[in-house]
Amino acid sequence: MLLHILEIIAAVALACGLWFWWACSEPWSTFFRPVLIRGPREGNRIALTFDDGPAEKFTEQILTILREHRVPATFFVCGKNVESHPELLRRIVAEGHEVGNHTYSHLFLYFKSRQRMAEEIERTQAIIEKVTGLRPAIFRPPYGARWFGLVPTLLQRGMHMILWSATGYDWKKGTQGIVAATLRELKPGAVILLHDGQNTRQPEEIDRSSTVAALPAIIAGARERGYTFAPLRDFLPTS
Ligand SMILES: [Zn+2]
């Protein structure tokens with residue numbers, strides 16, 4: 001009998017643990033809110049976002065493709081990468097794209113104190129402002145990992161938390177796979193996650209050539225399906 005009760009307790013604890021993991025890490029989870037995962041269902045607008053830059057070569061290649069195809073995008077940058085490549089962030093802004101905060105060091109936010117999260121966010125806001133004169137109003141947590149205290153930290157600064165509803169899984173797939181996965185996950189209002197950099201690694205350790213190669217086909221495929229690329233700010237609640 002006792003064994004039976006212990007088994008039940010263990011099962012319940014495991015279920016709670018799994019649910020909690022899901023709540024903190026799954027992009028679709030609204031456990032921590034307010035959060036923007038997907039834009040309006042009406043209309044056929046979608047928004048393209050790139051994380052982890054700016055990165056030598058790849059950010060530039062992506063910007064050139066976006067310019068050729070007249071597609072607006074949002075870049076969630078790490079403060080540390082902006083320190084290395086301020087000129088790339090200036091080009092992002094000069095070409096009309098939006099900038100979001102992605103922490104200073106690509107910090108995994110689980111179990112982090114509110115103070116530690118605020119430091120990472122604030123340090124990045126200051127660097128972006130120094131380089132561009134702008135303070136982003138949007139934030140995306142690295143790995144999509146959220147933790148207690150994050151939302152109030154953002155709200156205090158008038159910032160929105162942005163996750164995503166579609167991705168090309170470009171951290172594990174090759175070019176064809178990235179195109180196929182992205183197009184499969186498109187729905188009206190989709191917020192698409194891709195990467196122009198890789199955490200805060202050194203240039204020689206970063207390879208986003210598959211994402212770069214996939215981008216023209218993603219743009220063409222989305223347009224064939226009747227979607228229009230919109231700036232992410234169009235998806236934010238108006239206040
Ligand atoms: Zn990231």
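In this predicted model, Tyr169 occupies the loop that joins β6 (166–167) to α7. Tyr169 is not a glycine, yet its phi is positive, at about 50°. The residue is classed as partly exposed because 14 other C-beta atoms lie within 10 Å, a count between the limits of 12 or fewer for exposed and 20 or more for buried residues.

A positive phi in a residue other than glycine is also found at Arg70, where the angle is near 55°. Arg70 belongs to the loop between α2 and β2. With 9 other C-beta atoms within 10 Å, Arg70 counts as exposed.

**Cis peptide bonds**

The bond from Arg33 to Pro34 is cis, with omega near 10°, and Pro34 is placed in the loop between α1 (2–25) and β1. The bond from Gly53 to Pro54 is likewise cis, with omega near -10°; Pro54 sits in the loop between β1 and α2.

**Helix α4 and its surroundings**

Helix α4 spans residues 86–94, and Leu88, Leu89 and Ile92 in it are buried. Viewed down the axis of α4, these buried residues fall within an arc of 100°, and they therefore line one face of the helix. An α-helix has 3.6 residues a turn, so residues three or four places apart point the same way. The other side of α4 carries the exposed residues Glu87 and Ala94.

Which elements cover the buried residues of α4? The cover includes the strands β1 (45–53), β2 (73–77) and β3 (98–101), together with the helices α2 (58–69), α3 (79–84) and α5 (114–132).

Helix α3, one of these covering elements, contains Gly79. Is Gly79 buried or exposed? Gly79 counts as buried because 23 C-beta neighbours lie inside 10 Å, where the cut-off for a buried residue is 20 or more. Beyond its neighbours within four places in sequence, Gly79 is in contact with Tyr104, Arg123, Thr124 and Ile127. The C-alpha atom of Gly79 is also separated by 8.3 Å from that of Glu120, although the two residues are 41 residues apart along the chain.

Phe148 is in the loop between β4 (138–139) and α6 (150–156), and it is partly exposed, with 15 other C-beta atoms within 10 Å. Gly226 is in the loop between α8 and β8 (228–229); with 9 other C-beta atoms within 10 Å, Gly226 is exposed. The table gives the separations along the chain and between C-alpha atoms.

| Pair | Separation along the chain | C-alpha separation |
|---|---|---|
| Gly79 and Glu120 | 41 residues | 8.3 Å |
| Phe148 and Arg114 | 34 residues | 7.7 Å |
| Gly226 and Gly43 | 183 residues | 9.8 Å |

**Packing of α7 and α8**

Helix α7 (residues 175–185) packs with helix α8 (residues 209–224) at an angle of about 35°, the axes being 8 Å apart. The crossing of the two helices, α7 and α8, is right-handed. From α7, the contact draws on Thr175, Ile178, Val179, Thr182 and Leu183, which meet Ser210, Thr211, Ala213, Ala214, Ala217, Ile218, Gly221 and Ala222 of α8. By class, the residues in this contact of α7 with α8 comprise eight nonpolar, five polar and no charged.

**Domain arrangement**

The chain is divided into domain 1, covering 1–28, and domain 2, covering 32–235. Taken over C-alpha atoms, the centres of domain 1 and domain 2 are separated by 33 Å. How many residues does each domain give to the contact? Domain 1 contributes four residues and domain 2 contributes eight residues. On the side of domain 1 that touches domain 2, three residues are nonpolar and one is polar, with no charged residues.

Key:
Residues numbered from 1 in each chain as written. Predicted model: local features only at pLDDT ≥ 70, side-chain atom pairs only at ≥ 80, totals over all residues. Helix = DSSP H or I, 4+ residues; strand = E, 2+ residues; numbered from the N terminus. Arc of directions from axis to C-beta. Contact = placed C-beta atoms within 7 Å. Domains from an automatic or database assignment. Nonpolar A, V, L, I, M, F, W, Y, C, P; charged D, E, K, R; others polar. Axes fitted to C-alpha atoms, helices over the stretch in contact; angles between N-to-C directions. Left-handed = near helix turned anticlockwise from the far one by under 90°.
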